[in-house]
Structure formats: structure tokens, C-alpha cells
Amino acid sequence: MRVVLIGAPGAGKGVYAQYFRDKYCIPHISTGDIFRDEISRGTELGLRVKQYVERGLLVPDEIVIDVVKKRLQQPDTQRGFILDGFPRTIVQARALDEFTNIDITIHLLVSEEVAVRRLSGRRVCPVCGRVYNIYYEPKPRVNEKCDYDGTQLIQRQDDYPEVVRQRYRVFYETFTPVLDYYTSTRRLVEVNADKTLSEILPLLEKILVDIGVLKLNPCRDVKID
Ligand code: AMP
């Protein structure tokens, strides 16, 4: 099951990738997460990419391609993988096709209004990192305190509505050529990501089963809240 997941901020990519990771033991490979981790550990790669990531600029193709190529050689990817945040350019998409066969690219299509509502409702506990949403379950208490440690929840600056709108537009400016690339190679499926989690998860599983890429048995029993 070799899947590329594409979705604007607020589409829920992380949630879906995490579900497949937990249920089928398929690694979720997020280039953004890899870079943030390398930066926080102060590695040589971290130092090379820091200047780009901190300014929201694309890391040069040759660096990202090398990172993903090495990651896909790790033994845990033998059952498959879900790529998130890669490819972001045509050069990356072509390189990926040279070192692996992607079964399907899923575009989680979220409307700008739903993305803004989802992300502007997000609140984070600055102490334990738990994430809440004032519009969806699990809701914070009325006074927006963390259920676990009672800390006042905060809103991340990049979740402010105007910033979300900006991120959404930048996403489509960046990703449209990649979406066109996968459409032209007939490997793109669009899913309406405005729907709820409990509607989308069975739909994603059905798509993967129907095209024959989800042949695995679950490795764990995962419940949908
Ligand atoms: P993300 O968490 O996917 O938004 O990625 C965070 C940052 O990592 C981006 O703003 C880029 O600086 C960098 N990055 C992640 N993936 C890529 C990629 N495929 N190509 C270039 N830069 C990337």
C-alpha cells in the first residue's frame, strides 16, 4: 500500500495517516515532521534545512529527494507507506516515480470555509501538547483549560483565520502542478474532506480495497471516536 496523501491545511491528513498507521502498521512519512525532528536534534541535516523550514520556504529538491529515498529503504516500509508533504514539486514527483511505484494519490479536498473553521477552532495545551477543538469533540471545558493538567489552552498563531486563509491559498499555488501531474498519470482520487471523520474513514478504506492496494489485515483494533 504505497499512498501519497495530499490535502490543504485543515483537510485532516494527519488524522487519516495516523489511523492507517495505527490500524495497519503502515508508516506515516511526513517530510515536515522529519525536518522538524532533525532541526530540534541539531543534526547536520537539521542545520542544512533550518533556514528554509523556519521561513516556510521549500527545501531544495535534491535534499528532500535524498531524505525520502533513504527513508523508503527502511525495512518498516515493506508493508507500504503513506507519504505526507511529499512530493511538493514536479521534480520530486518524477524522482519518486524513479525509486518506487506509487499505487494511488489521494487528494483530500477540503473547502476553504471548512478548513478555516476547523483550524481556527483548534486549541493546544502549551504544557502537554494535547490538541482540542472548540467546535468538535473532544471539546475543552467552558473555560478552555486542558482536561489533563488544567493549563489554559492557547491558539497557535498560524491557526488564526486570516493566516489559515493565506496558508490554504499558498497550498494550492504550490500543489496544483503536482495534482495535475498525478491527474495526467491517472493516479489521483479526490475525496470530499468536508465530511466527518466517521464518513471519510470507511470511504478511504473502500477506495483502497477497490483498487486492490489494501490487502492487509489490521494489525490492531482501532476505534473511531
Ligand atoms: P509541512 O509540515 O509539510 O508544512 O512542512 C514544513 C516545512 O518543511 C515546509 O514549509 C518546508 O520548508 C519543508 N518541507 C516539507 N516537505 C517538503 C518538500 N516536499 N519539499 C520542500 N520542502 C519541504
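This is a predicted model: local features need pLDDT of at least 70, side-chain atom pairs count only at pLDDT 80 or more; totals for chains, interfaces and linings use all residues.
Buried, on this tour, means under 20% relative accessible area.

**Colour by confidence**

Colour the protein chain by pLDDT before moving on. The mean is 89, and 94% of the residues reach 70 or more. Among the elements, helix α4 (residues 61–71) has the highest mean, 98, while strand β6 (residues 131–133) has the lowest, 83.

**Aromatic pairs**

Now show the rings. There are 6 aromatic pairs in the structure. Start with Tyr-19 and Phe-20: the ring centres are 5.3 Å apart and the planes stand at 85 degrees, so this pair is edge-to-face. Tyr-19, like the opening stop, counts as buried, because its relative accessibility is 8%.

Next, select Tyr-181 and Tyr-182. Their rings also make an edge-to-face pair, with 5.3 Å from centre to centre and 80 degrees between the planes. Are these two residues buried or exposed? Tyr-181 has a relative accessible area of 13%, so it is buried. Tyr-182 is buried as well, at 0% relative accessibility.

Then pick Tyr-168, Phe-171, Tyr-172 and Phe-175 together; ring pairs join these four residues into a cluster.

**Charges over rings**

The charged end of Arg-130 sits over the ring of Tyr-148, 3.4 Å from the ring centre. Arg-117 lies over the face of Tyr-135, and here the distance to the ring centre is 4.1 Å.

**Where α5 meets α7**

Show helix α5 (residues 90–99) and helix α7 (residues 161–184) as cartoons. Their axes come within 9 Å and cross at roughly 35 degrees. Which residues of α5 meet α7? Select Ile-90, Ala-93, Arg-94, Leu-96 and Asp-97 on the α5 side, then Pro-177, Val-178, Tyr-181 and Tyr-182 on the α7 side. This contact is made up of 7 nonpolar residues and 2 charged ones, with no polar residue.

**Backbone stops**

Switch to a backbone view for the next stops. As a reminder of what to expect, most residues other than glycine have a negative phi, and most peptide bonds are trans.

Select Phe-86 and Pro-87: the peptide bond from one to the other is cis, with omega near 0 degrees. Pro-87 is found in the loop between β3 (81–84) and α5.

Move to Cys-25, in the loop between α1 (13–24) and β2 (28–30). Its phi is near 55 degrees, a positive value in a residue other than glycine. With a relative accessible area of 30%, Cys-25 is partly exposed.

Where does Arg-186 lie? Look in the loop between α7 and β7 (188–192). Phi of Arg-186 is positive too, near 55 degrees, and this residue is exposed, with a relative accessible area of 78%.

**Last stop: a distance in α4**

Finish on Asp-66, which lies in helix α4. At 38% relative accessibility, Asp-66 is partly exposed. Draw a C-alpha to C-alpha distance from Asp-66 to Ser-30: the two are 14 Å apart in space and 36 residues apart in sequence.

Notes:
Residues are numbered from 1 along each chain as its sequence is written. Side-chain values use heavy atoms; hydrogens and water are left out. Rings of Phe, Tyr and Trp (its six-membered ring) pair if their centres lie within 6.5 Å; planes under 30 degrees apart count as stacked, over 60 as edge-to-face and the rest as tilted. Buried means under 20% relative accessible area, exposed over 50%, partly exposed in between (1.4 Å probe, protein chains only). A charge sits over a ring if NZ of Lys or CZ of Arg is within 6 Å of the ring centre and within 35 degrees of the ring normal. Axes are lines fitted to C-alpha atoms, for helices over the stretch in contact, and angles run from 0 to 180 degrees between N-to-C directions. Helices (H or I, at least four residues) and strands (E, at least two) are DSSP runs, numbered from the N terminus. Contact means heavy atoms within 4.5 Å. Ala, Val, Leu, Ile, Met, Phe, Trp, Tyr, Cys and Pro count as nonpolar, Asp, Glu, Lys and Arg as charged, and the others, Gly among them, as polar. pLDDT is the predictor's confidence in each residue, from 0 to 100.
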